[in-house]
Amino acid sequence: MLIAHVSDTHLGYAQYGLEERENDFMSVFREAVEKALEEHVDVIVHSGDVFHSPRPRIKTLREFREVVRRLWEKGVPLVVVPGSHDMQRRRGVPPVMLFDDLGVRVLTTKNYKWEYNGVLFAGFQYLPRHRRQVILELLRKLGAIASGFSGKTVLMLHQGLRRLLPTSYELSIAELPGDFHYYAFGHVHKPFKTSCGRGVLAYPGSTENVDVTEISYDKGFYLVDLSGDQPELSRIKLEGVRPQLLYEVKPEELSSTVRRVIADVSKCGGLKPVVHFRVLGDVDRREFEKVSSRLRGLCLKVRVEVKPPLEEGGEGYEVVETLDLKTAIESYLRAVMGRDADRLASMAYDLFLILSSEGYSEREAIARAVKEVEGLYGVRSSED
Ligand SMILES: [Mn+2]
């Protein structure tokens, strides 16, 4: 059996408030599906974050429906585990569930396996770290099912592994059941593969750039041939990804960089790029406006982010090297507010999980969660 393993398509994401970006996410998804069909795959596996929001716009749902209908007509099923972005805050049905009439299979904690052409697909939706016990219990159950299964087995999960997300993981590789042939993972936007269990574990990564930190990663998906003893992976690159250029400059270099940017932009071809300036220090607003107006027309978007000179090191709670984020937040809050720390820490941690699932970066989510709890209880952090 040949499968296409896609993940983190974040459909409907109008990045920077731009409809063009929304279209970008949809068009690379279409490209991925077309390329999978050209390769004559038997099934497409999607490891979560199909949509960027748990409540996508009707337009997004309709466009997704067209793609799914095409797969349906070609007789290629799509099997999905909902990701952190697909899940409603409280309960609710992930939007991918709407397409069962067109053969979309959704694996969840209630409906965790599906057999197709002699291959077992098992998995469930993203579960946050505070539900680790549930995750581990389910994995034991799925492992037992896989070990008693005579054909090839695929485990689909949308979770972070400790090796890749040392401060916000839910699982480590050692905790995965060893009975599967292919571990189809999603959540981490950088492509990754390693051997695991009876075969291979892989994250195909996101199909478009959800964040500026991803722009150096290669965007694509994996073709996974399950016919041999070991799964064989090949990488399919996506061509329709919008180019993005990043320039790290000192404030005084901003305007002198423009010529270089224009030269680089002219090499981009097809789609107008997104240009990011990361300025190391304060930016003069007018200076940036000038630069921006020279590039307008050549770029889809010119953005500037200010990187404060003292980035590394930072405050106590930002240097969370420890593996247990909750302990780190606790010790920070204990230092600041003493006795109630544990209770407040668990509140801050829950808040952190919500914020991360809303797409804040880890650092931002921690900072906001702690600040929120500090604010609620009128505690001030020591450096105020
Ligand atoms: Mn994602």
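**Questions on a predicted model**

Biologist: In this predicted model, which residues is Thr60 in contact with, leaving aside its neighbours within four places in sequence?

Modeller: Once the neighbours within four places in sequence are left aside, the contacts of Thr60 include Leu11 and Gly12. The remaining partners of Thr60 complete a list that reads Leu11, Gly12, Glu22, Met26 and Phe51.

Biologist: Is Thr60 buried or exposed?

Modeller: Thr60 is found in helix H2, which covers residues 58-74. A residue is called buried if its relative accessible area is under 20%, and because the relative accessibility of Thr60 is 3%, Thr60 counts as buried.

Biologist: Which strands stand at the edges of the open sheet of six strands?

Modeller: The strands of this open sheet follow the order S5-S6-S7-S8-S10-S9, with mixed pairing. Strand S5 (113-116) and strand S9 (192-196) each have a single partner strand, so one side of each is left without a neighbour in the sheet, and the strands at the edges are therefore S5 and S9.

Biologist: How many bridges join strand S7 to strand S8?

Modeller: Strand S7 (residues 153-158) and strand S8 (residues 182-186) run parallel, and Leu155 stands opposite Tyr183 in S8. The number of bridges that join S7 to S8 is five.

Biologist: How many residues apart in sequence are the parts that His10 and His189 tie together?

Modeller: Both His10 (NE2) and His189 (NE2) are among the protein donors of the manganese ion, which lie 2.1 to 2.3 Å from it. Because His10 lies in the loop between strand S1 and helix H1, whereas His189 lies in the loop between S8 and S9, the pair ties together parts whose separation in sequence is 179 residues.

Key: Residues numbered from 1 in each chain as written. Predicted model: local features only at pLDDT ≥ 70, side-chain atom pairs only at ≥ 80, totals over all residues. Heavy atoms only, no water. Pairing = 2+ DSSP bridges. Helix = DSSP H or I, 4+ residues; strand = E, 2+ residues; numbered from the N terminus. Buried < 20%, exposed > 50% of the residue type's maximum accessible area, 1.4 Å probe, protein only. Contact = heavy atoms within 4.5 Å. Donors = N, O, S within 2.8 Å, 3.2 Å for Na, K, Ca; no water.
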